[in-house]
Amino acid sequence: ESSDDTQKIITRIQKEYPQIVFSTFKEHKGVTAINKNLNEQIKKARGKYITFLSGDDYYVGNSLAKQLRIFKTNENTNENVDVVIGEGLNFSTIKNRYLCKCQEDIIVDMLQQGKMSDIYKYLISNVPRLFIQGFMIKKDLLETIGFFDEDLIADDWVLNIKIFKYLANTNRLAVYLNDIIFRRNILPSSTSHNHKVHLQRIKEVVQKYAPSKYKNNLLKVVYLNYFIIYLKEKKYLKAFELFIKYFSKDLCLKLFFKKLIKSSFVSQYLL
């Protein structure tokens, strides 16, 4: 249950506007239930457009109006726009300050150039940053691509892959709105801080959606990133276990790790 009375606020708004707001509250069953719940809500939606917002994030200003304006403008010019993607800011609740923009620069550049095929190729060969909190999507597109994948715990990444595969194959477009339209709050309890869950999420997507030619290299990069994360967090035993499992045959990393564990600072944690 939300700690900031989200459910009570939604219930109050629903009573004020019953003709346009409806809600479904369920017991929290963890990350494995997220995609199923999202799909249920999309199917219940009666409007033409869909947006997504987590309970701990919020929209900035009149962001939805800005996205709708782009759709209406493009309808008048007969352009095939199915998605409008706005920018967001990450906010650290621990440090009480903004950190960085949410959407990845390389993807933004490709959006601005209208390169849907290049974005799709990037999504299946990298671990991207493209958050659906910034998306406004035509509902019929979601119906066409089959919504979220309920077999996985990943949400944003898989949906992005499915969307841009469709756009690339149909010569339709996603456009970028260069405005901050949402704030993404980084909480201590966020799953992004749970390395075990996050790593499982990435591995599931790679195994199911990445082409064979990208799989091994992509997983190697992912494991290396977690190796570095564990070192920065001084979780040396976890870093050592990851190294032994995935990099013990890599000569360069092997030499680096030998030097690392010989340092007196690290040795005290490994003994």
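Predicted model: local features only at pLDDT ≥ 70, side-chain atom pairs only at ≥ 80, totals over all residues.
1. Helix α7 covers residues 156-170. Its 15 residues should span 21 Å at 1.5 Å a residue, and the end C-alpha atoms lie 21 Å apart, so expectation and model agree.

2. How much of α7 is buried? Eleven of its 15 residues are, so the rest of the structure largely encloses the helix. The buried set is D156, W157, V158, L159, N160, I161, K162, I163, F164, L167 and A168.

3. Which residues touch the most other members of the largest nonpolar core? I163 and F164 do, in a core of 53 residues. Helix α9 (residues 212-232) supplies the largest share of this core, with eight residues. In soluble globular proteins, nonpolar side chains tend to be buried together.

4. I163 deserves a look in the viewer. Leaving aside residues up to four places away in sequence, I163 touches V83, F135, I137, L141 and I145.

5. There is also a second, separate core. This one has twelve residues, among them C102, F131, M136 and L177.

6. Now the surface. L53, Y58, V60 and Y98 make a nonpolar patch of about 330 Å². Y98 belongs to strand β4 (residues 97-101). Is Y98 buried, partly exposed or exposed? Its relative accessibility is 41%, so Y98 counts as partly exposed.

Notes: Residues numbered from 1 in each chain as written. Heavy atoms only, no water. Patch = residues over 30% accessible without salt bridge, like charges linked within 9 Å, V, L, I, M, F, W, Y side chains within 5 Å. Areas by Shrake-Rupley, 256 points an atom, 1.4 Å probe, with all protein chains shown as cover. Salt bridge = Lys/Arg side-chain N within 4 Å of Asp/Glu carboxyl O. Helix = DSSP H or I, 4+ residues; strand = E, 2+ residues; numbered from the N terminus. Buried < 20%, exposed > 50% of the residue type's maximum accessible area, 1.4 Å probe, protein only. Expected span 1.5 Å × (residues − 1). Core = buried A, V, L, I, M, F, W, Y, C linked by side-chain atoms within 4.5 Å. Contact = heavy atoms within 4.5 Å.
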